[in-house]
Amino acid sequence: MPKQITEMLKGTLEGIVLAILASRAAYGYEITSWLREQGFSEIAEGTVYALLVRMEQRALVDVEKVPSEKGPPRKMYTLNAAGREYLDEFWRNWSFLAERIDRLHREGRLHREGRLHREGEN
């Protein structure tokens, strides 16, 4: 994954994980696997687990220890009411940024096309 995408992902990973948990409860490993299936192949499990710990500390998720066939119990993460509010805020912020970035992109493209057109006329 290119460095720029990695940096952008760092800023949005929390919202992405909350969105995953909004649709279903999941273990850290399941979240990492799903992200990898979606093309985020270089996300380390440790990154997701550290994020889940921070989300737990901030009371955005509920955690239930579920017995495991192999080894210690696993933590099942579920989005709670505070997490849903935070996710709603994330989507509002995402929409705000995405609209403005898209506008910049469109304006830049139109400017470039206009400049290329003028240069071709000379």
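The model is a predicted one, and the average pLDDT of the protein is 88, with 92% of the residues scoring at least 70. The stretch to read with care is residues 116-122, where pLDDT stays under 50 and where the model has zero contacts beyond four places in sequence.

As for the overall outline, the C-alpha trace spans about 75 × 30 × 20 Å along its principal axes, and the radius of gyration of the protein is 20 Å, whereas a compact globule of 122 residues would have one near 14 Å.

Turning to how the chain meets itself, among the contacts with a separation of 6 or more, 49% are between residues 24 or more positions apart. Of the 122 residues, 25% count as buried, and the protein exposes about 8700 Å², of which carbon and sulfur atoms supply 54%.

L97 is found in helix α4, which covers residues 81-121. Is L97 buried or exposed, or does it lie in between? Its relative accessible area is 46%, and L97 is therefore classed as partly exposed, because that class lies between the limit of under 20% for buried residues and that of over 50% for exposed ones.

Methods. Residues numbered from 1 in each chain as written. Predicted model: local features only at pLDDT ≥ 70, side-chain atom pairs only at ≥ 80, totals over all residues. Heavy atoms only, no water. pLDDT = per-residue confidence, 0-100. Contact = heavy atoms within 4.5 Å. Helix = DSSP H or I, 4+ residues; strand = E, 2+ residues; numbered from the N terminus. Buried < 20%, exposed > 50% of the residue type's maximum accessible area, 1.4 Å probe, protein only. Rg over C-alpha atoms; globule rule 2.2 N^0.38 Å. Areas by Shrake-Rupley, 256 points an atom, 1.4 Å probe, with all protein chains shown as cover.
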